[in-house]
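Hi,

Here's the structure I promised to pass along.

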Amino acid sequence: MLKFEGIYTPAITPYAADGSIDFARFADVLESLIEGRVHGIIIGGSTGEYYAQSAQERKALAEHARQVIGNRLPLIVGTGAIRTEDAVDYAKHAREIKADAILVTSPPYALPTELENAHHALTVDKAAQLPIMLYNYPGRMGITMGDTYFREVSRSSNVVAIKESSGDFNNLHLLACKFPNIALSCGWDDQALEFFAWGASSWVCAGSNFIPREHVALYEACVVEKDFAKGRKIMAAMMPLMNFLDGGKFVQSIRYGCELNGLTSGQVRAPLQSLDEEEKAQLKAVIADVKRNVAAVTAA
């Protein structure tokens, strides 16, 4: 069973000039993450813009990722969908390509109860029979996973981790205290230090697409070395980036960060639009500061 430990990167999806997926550049993205020493790669997350892709494109991306990564890193495939039937289809495909785990979200828009949402997750689980990382993101899904949900899904031994992205410390405390069987993974970037303090062993962070080493450094300080004084210094150095990413153009910012690393990603898909020149300049300066300040901490 996959143990979620370390930095897990939801990879971006590069597009060609005509808007189609650029698989050669997608391979470059994956290779850069492996080189950056992240611990796992997620395909079909919101950072990869799964919501703007067809079912065929999502499956092609997962297949290509499996081929490129091989057995070098764990591959986690997102199953997010409005319809349970579609989520099941993505789960079955993940099993076919020998993904190491799947990401299971709440279905957006329908607003199921916690019991109904748990039934959705267990239905997806039955189809995949793979380790599951739940993904609680009420800001995008409209509902939150809570006590009743966690109790129900814990009936399956495949439910091993959760990317907790509610931003609500009450949910963090609930999971840490009442559901130790579900490994915590930080899904709210500016709370990474608090997640690690509460026993999280992994962090799903989009920023690791372009500054993987800095994210790995925080994980290693807090989880491996258990040096929270050092961790606080690294986190403080990274906070300006967290604050910028909270500014409303999250995916666009991640993609531009990759561009600064020489990873050509093309235009973001509609309805989103790219950063303007002023925003690009601001982000470039923020990233440069983060790299310099984190390096100063880790070198000390």
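A quick definition before the notes: helices here are DSSP runs of H or I with at least four residues, numbered from the N terminus. Also keep in mind that this is a predicted model.

Helix 1 covers residues 23-35, and Arg 37, which follows helix 1, has a positive phi, near 70 degrees. With 13 residues, helix 1 reaches 18 Å from first C-alpha to last, close to the 18 Å expected at 1.5 Å a residue. Which of its residues are buried? Phe 26, Ala 27, Val 29, Leu 30, Leu 33 and Ile 34 are. They sit on the same side of helix 1, because they cover an arc of only 155 degrees around the axis. In general, an α-helix has 3.6 residues a turn, so residues three or four places apart point the same way. Ala 24 and Glu 35, on the other side of helix 1, are exposed.

As for partners, the buried residues of helix 1 pack against strand 1 (6-10), strand 2 (40-43) and helix 2 (55-69). At the start of helix 1, the backbone nitrogen of Ala 24 has a side-chain oxygen of Asp 22 within 3.3 Å.

Now helix 3, residues 84-96. Its 13 residues should span 18 Å at 1.5 Å a residue, and the end C-alpha atoms are 18 Å apart, which agrees. The buried residues in helix 3 are Ala 87, Val 88, Tyr 90, Ala 91, His 93 and Ala 94. They pack against helix 2, strand 3 (75-78), strand 4 (101-105) and helix 4 (114-128). After helix 3 comes Lys 98, with a positive phi near 65 degrees.

Cheers

How values were computed:
Residues numbered from 1 in each chain as written. Predicted model: local features only at pLDDT ≥ 70, side-chain atom pairs only at ≥ 80, totals over all residues. Heavy atoms only, no water. Helix = DSSP H or I, 4+ residues; strand = E, 2+ residues; numbered from the N terminus. Expected span 1.5 Å × (residues − 1). Buried < 20%, exposed > 50% of the residue type's maximum accessible area, 1.4 Å probe, protein only. Arc of directions from axis to C-beta. Contact = heavy atoms within 4.5 Å. Polar contact = N/O pair within 3.5 Å; in protein donor to acceptor, adjacent residues only side chain to side chain.
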